[in-house]
Amino acid sequence: MAIPKSSSVDSDTSATVTSFLPEEIDLGGDLLAEVILKLPLDSVARSRAVSKNWCAAISDRYLRRRLPLHMSMICFPDNDDDPFGGGGGGMPVFACASEGSRLEGRDLGFFPLHERAVVCDGCNGLLLCRAPGTPDFYVVSPVTRSWAALPRPAKDASLSALAFDPFGSSPQRYHVINFSGWRERGAAVEVFSSETRAWTAHEVEFGGVSAGSLSGASMHCHDGAAYFLASDPDCVVRMDLAAGLACTVVALPETADGEGRVTHSGGRLHYVCSDGELLQVWALEEDVHPSSATASRQRWRLKHAVRVGDVSEGGSEVRFLAMHPEKDAVVYLWSPWKVVEYDLSRREVTGAAWEFAKGARNRVVKTWLVPSSCYLSDCFVHGPVARS
C-alpha cells in the first residue's frame, strides 16, 4: 500500500522538497493500516477529499476489512432538556459511540433543514428526513456530514422507509420506500433508487397479509430486501427490492406478544422478541428432509432464551437494540440509561457499555452496527450531494 509523494505536498516548493524522495512512499499495508486505524473515523471519512491518491489509499480493500464496527443510534431525551446542550427538547438525537465508552450526539448543523425537518426513518447510519408540509425528502449522513435531496415523488406518502445495507452486494446503493395508498392486502408503493435517481410505481400484494398490520417501525434491510413484521397473521413479510417488490411471507415461530424485531446475523434471519420477562432469539434455518438431499424447508429454531431480570440491574426495563452481524450470541441492549453488550451464551454483560453525558436520560429506539469502511464509500456517488 503506497502513497505517491505528490499526495502529501501542496506547497509551491514541492519540487525542491520532494526531489530527493522516491516516487512512492511505501509504508506497507500493516503499518499504514495501524496509523489510519488510530485516527477518529470522522477524520478518516473526510480525508477522502484530500486527493485521489489519498482516497485510493484509505479505500484499499485490506484496510477496509480491518476497520472496526461503528455503532450509531437514534434516541429521544426522556426529559425536557436536550442532553447534548442543543436545546432540542423532545427532538430525536443521532448519536455515535466514541472513545471512552461515551455516546455523543452528532451536530446536524451542516444540514440546512436540521431544525425543522421531520425524521421519517433511519437505517444503518443514514437518516431519511422530510421538509414539513412538503413531499420533499432528504437522505442525511451525520457521520460524513453530507446530504442529498431526492426528486419529488408523484404521490404523498402515508408511510416512508429507508433501506440501506452496507453489508450487501451493493453497499453504495439505498432505496426509499413510500407507501402512498393502502389496499386490503397490499399497497400502492413508490420506490426511489439512488442508482437511477428516479421513483418507480408498483402495486404490491403482501401475500395475504392485512395491510393495516404491517409495521414500518420494525423494518429491517438485508441484501436487497426489506423485511417488515406484521400481526395479521403474525409473520415476516420480505419485499424484494430488485424483483419488482415481490413479497414472500414467513410465519413467526409463536404469537407476537410484546416487542419484536427482525435482524440478520451470520447471513441468517433472526427474530428477537420480549414480553418484558423473557428475551428470546430465534434463527431461521434450512431443514433438509432426510429422504432427499435437495428438498428442504425453512424452520425457526430457538437459539437463546434469557430472563430479563438476569440482564438488568434491579429488574429495570430492558430493550433489544441490535445483534452482532457475525456473532448471533452477542446482542446490544438498552437499559436505563446506557447501552450494553450482552453475551446470551454466557448470560453475562461482556463489559462493554456506553453511557451518555452525566445525568442524561435518553431512550434509544434504533441502533446499528455497521463496518466503519461503509463511510469510506460514498453512498451518494450516483447523484448530487452537499457536504459541510
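## Aromatic pairs

The structure holds 12 aromatic pairs; rings of Phe, Tyr and Trp (its six-membered ring) pair if their centres lie within 6.5 Å, and planes under 30 degrees apart count as stacked, over 60 as edge-to-face and the rest as tilted. The rings of Tyr138 and Trp147 are edge-to-face, because their planes stand at 65° with centres 5.9 Å apart. Tyr138 is buried at 14% relative accessibility, where buried means under 20% relative accessible area, exposed over 50% and partly exposed in between (1.4 Å probe, protein chains only). Trp147 is also buried, at 18%.

Tyr332 and Trp354 form a tilted pair, with 6.2 Å between centres and 45° between planes. This pair links distant parts of the chain: Tyr332 lies in strand 23 (residues 330–335) and Trp354 in strand 25 (residues 348–355), 22 residues apart. Tyr332 is buried at 3%, and Trp354 is buried at 14%. Elsewhere, ring pairs join Phe137, Tyr174, Phe192 and Trp199 into a cluster.

## Basis of the values

This is a predicted model, in which local features need pLDDT of at least 70 and side-chain atom pairs count only at pLDDT 80 or more, while totals for chains, interfaces and linings use all residues. Residues are numbered from 1 along each chain as its sequence is written, and side-chain values use heavy atoms, leaving out hydrogens and water.

## An open sheet

Five strands form an open antiparallel sheet in the order 6-7-8-9-27; strands (E, at least two residues) are DSSP runs numbered from the N terminus, and two of them pair if DSSP finds at least two bridges between them. Strand 6 (118–123) and strand 27 (386–387) are the edge strands, each pairing on one side only. Strand 27 pairs with strand 9 (residues 146–149) over two bridges, and Ser146 stands opposite Arg387 in strand 27.

Key
Helices (H or I, at least four residues) and strands (E, at least two) are DSSP runs, numbered from the N terminus.
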